[in-house]
Amino acid sequence: DDASRRLACYASDWRDGLTPKSCAAITFLWFACLAPVLAFGGAMSVLTDGAMGVPEVILSRGVCGMAHAAAAGQPMTFL
């Protein structure tokens, strides 16, 4: 019942939340989180002779991040 009442507000929630200030913060955090992954992935690729590289590090960081958030039991851990 609650979801059906909120359904009409979902589009405006997204539209209201995507301001230039929030888009700038999202972009900054995206690159701030991605930069170490690229650096460590590049170094790992050199050290393992290409056996592990950037794609594997991105995948493992994503899986470990989701596992940590799920084990923490707090929805805001994703942020």
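I58 sits in helix α4 (residues 54–72). Helices here are DSSP runs of H or I with at least four residues, and strands are runs of E with at least two, numbered from the N terminus. The model is predicted, so local features need pLDDT of at least 70 and side-chain atom pairs count only at pLDDT 80 or more, while totals for chains, interfaces and linings use all residues. Residues are numbered from 1 along each chain as its sequence is written, and side-chain values use heavy atoms, with hydrogens and water left out.

I58 has a relative accessible area of 40% and is therefore partly exposed. Buried means under 20% relative accessible area, exposed means over 50%, and partly exposed lies in between (1.4 Å probe, protein chains only). Not counting residues up to four places away in sequence, I58 touches L34 and V37. Contact here means heavy atoms within 4.5 Å. P20 is 38 residues from I58 along the chain, and their C-alpha atoms are separated by 27 Å.

Confidence was examined next. The predictor's confidence in each residue is given as pLDDT, from 0 to 100. The protein chain averages 87, and 94% of the residues score at least 70. Among the elements, helix α3 (residues 20–47) has the highest mean pLDDT, 93. Helix α1 (residues 2–6) has the lowest, 82.

Charged pairs were then considered. Side chains of opposite charge can pair when their charged atoms come close. A salt bridge requires a side-chain nitrogen of Lys or Arg within 4 Å of a carboxyl oxygen of Asp or Glu. By this rule there are two salt bridges. One joins the side chains of D2 and R5, at 3.0 Å from N to O. Both residues lie in helix α1, three residues apart, about one turn of the helix. D2 is partly exposed at 49%, whereas R5 is exposed at 54%. R6 and D13 also form a salt bridge, with their closest N and O atoms 2.2 Å apart. D13 is partly exposed at 34%. R6 is partly exposed at 33%.

A nonpolar surface patch was also found. L7, Y10, W14, L18 and I26 make up this patch of about 590 Å². Patches are made of residues with over 30% relative accessible area and no salt bridge; like charges are joined within 9 Å, and nonpolar side chains (Val, Leu, Ile, Met, Phe, Trp, Tyr) within 5 Å. Accessible areas come from the Shrake-Rupley method with a 1.4 Å probe; for residues, only the protein chains shown count as cover. Y10 belongs to helix α2 (residues 10–17). Its relative accessibility is 40%, so Y10 counts as partly exposed.
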